[in-house]
Amino acid sequence: MSRVLVMTDTVACIPEDLARELGIKVVPAANIIVNGQSYIEGVTLKAAEAYRLITEDPDRFVTSAIPPDYLLKVYLELSEMYQEVLFITISSALSAVSRTATIAVDLLRERKPGMTIRVMDSKACASTQGLVVLAAARAAAQGRSLDEVESFARKVRQVAGGLMLLDTLRYAYRTGRISKAASQIASLLNIKPINRLTDEGKVEFVDRVRKKAEGLNRLMDMIERQMGTSALHFMVTHAAVPEQAEEFAKQLKGRFRCLSMVIGEFSPVMGYGAGPGVIFVGFHPEVAM
């Protein structure tokens with residue numbers, strides 16, 4: 001068993017089977033509430049069903065923060081088997097998970113002073129966060145120390161990028177950055193924005209297209225310009241469009257020297273404001289351990 005447990009939230013979009021294989025502990029990034037009923041993402045509400053509910057009535061689909069007590073309970077359960085945990089969270093610029101995780105760590109110290117849980121703000125989300133988590137899990141599997149696992153994860157994040165193609169702006173008003181009327185107009189005009197993940201962990205608009213195929217080609221052009229190498233690790237996540245994700249993965253393999261490829265589901269915790277049809281691609285070159 002690894003000396004260090006790698007932990008993350010559901011926004012990292014790690015497929016369940018891969019998380020089990022690599023021993024990654026995944027916790028909800030938020031509670032999902034639909035029509036007043038609360039769900040646990042990935043447990044009592046799967047992504048495909050969540051996107052169906054978002055499509056039916058986005059205004060009845062909301063999220064609420066995971067409380068520190070929830071994470072404290074998880075920490076206490078983990079303490080039965082692990083003394084060291086690296087919790088890699090979604091960017092603190094996008095969510096309060098990192099802050100909540102730190103509060104829960106402070107509460108844990110009173111109960112389990114011998115356990116070390118280190119919270120690392122990934123300054124990322126979705127596929128990019130997922131790649132950082134996977135890198136950390138590989139380091140942990142090699143028996144590396146907590147400091148070494150965290151250091152490797154940070155090295156990967158420093159060179160990792162992330163790009164997102166939205167299928168519509170219909171749901172963008174949920175983020176508070178655009179009015180509902182404006183999002184409806186943009187949706188009617190078939191505008192498909194391209195966003196990038198910044199070094200600070202924010203998501204910013206960089207381009208727009210009218211056709212999905214054009215947008216995916218644009219993503220590959222941007223990756224090529226940004227990376228300067230064709231040898232890359234990839235993670236593609238999608239919001240209820242698995243066939244498109246599979247096809248895009250094939251295109252990436254045809255254009256780049258793919259070192260690894262993971263396909264996952266884009267978390268509804270983020271997808272409630274992005275909508276079904278999103279494709280997010282994370283990527284990074286090989287990094288020496």
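Biologist: How many of the 5 residues of strand S3 (residues 30–34) are buried?

Modeller: In this predicted model, 4 of the 5 residues of S3 are buried, so the strand is largely enclosed by the rest of the structure. Buried here stands for a relative accessible area under 20%.

Biologist: Which strands does S3 pair with, and in which sense?

Modeller: The general idea comes before the case. Strands of a sheet pair through backbone hydrogen bonds, in either the parallel or the antiparallel sense. S3 runs antiparallel to strand S5 (residues 61–65), with 5 bridges joining the two. Ile 33 has Val 62 in S5 as its bridge partner. S3 is also antiparallel to strand S4 (residues 37–40), through 4 bridges. There, Asn 31 is found opposite Ile 40 of S4.

Biologist: How many residues lie between S3 and S4 in their hairpin?

Modeller: There are 2 residues between them, and Asn 35 in the turn has a positive phi of about 55°.

Biologist: Next, the sheets. In what order do the 4 strands of the open sheet with S1 stand?

Modeller: In a regular strand, side chains alternate between the two faces of the sheet. In this case the order is S2-S1-S6-S7, and the pairing is parallel. Strand S2 (25–27) and strand S7 (116–121) are at the edges with a single partner strand each, so one side of each has no neighbour in the sheet. On average, neighbouring strands of this sheet are turned by 25° against each other, direction ignored. Thr 8 is opposite Ile 88 of S6.

Biologist: Which strands does helix H3 lie across?

Modeller: Helix H3 (residues 68–78) lies across S1, S2, S6 and S7, and runs at about 160° to S1. Helix H4 (residues 97–111) also packs on the sheet, where it touches S1, S6 and S7; the direction of H4 makes about 165° with that of S7.

Biologist: What lies between S6 and H4?

Modeller: A loop, and Ser 91 is in it. Ser 91 is buried, with a relative accessible area of 0%. Apart from residues up to four places away in sequence, Ser 91 touches Asp 121, Ser 122, Lys 123, Ala 124, Glu 200 and Gly 201.

Biologist: How should I read two packed helices, with H5 and H6 as the case?

Modeller: Two packed helices are described by the angle and the distance between their axes. The axes of helix H5 (residues 126–141) and helix H6 (residues 146–159) come within 8 Å and cross at roughly 145°. The crossing is right-handed. Residues in this contact include Leu 131, Ala 135 and Ala 139 of H5, with Val 149, Phe 152 and Val 156 among those of H6. By class, the contact has 10 nonpolar, 1 polar and 2 charged residues.

Biologist: What span should the 16 residues of H5 have?

Modeller: At 1.5 Å a residue they should span 22 Å, and the end C-alpha atoms of H5 are 22 Å apart, which agrees. H5 is also mostly covered, with 14 of its 16 residues buried. Just after H5, Gly 143 has a positive phi of about 85°.

Biologist: And what is the order of the open sheet of 6 strands?

Modeller: The order is S10-S9-S8-S13-S11-S12, and the pairing is mixed. Strand S10 (203–209) and strand S12 (257–265) are the edge strands, each pairing on one side only. The twist from one strand to the next averages 20°. One of the pairs is strand S8 (residues 161–165) with strand S13 (residues 279–284), antiparallel over 5 bridges. Leu 163 has Val 281 in S13 as its bridge partner.

Notes:
Residues numbered from 1 in each chain as written. Predicted model: local features only at pLDDT ≥ 70, side-chain atom pairs only at ≥ 80, totals over all residues. Heavy atoms only, no water. Pairing = 2+ DSSP bridges. Axes fitted to C-alpha atoms, helices over the stretch in contact; angles between N-to-C directions. Contact = heavy atoms within 4.5 Å. Left-handed = near helix turned anticlockwise from the far one by under 90°. Nonpolar A, V, L, I, M, F, W, Y, C, P; charged D, E, K, R; others polar. Buried < 20%, exposed > 50% of the residue type's maximum accessible area, 1.4 Å probe, protein only. Expected span 1.5 Å × (residues − 1).
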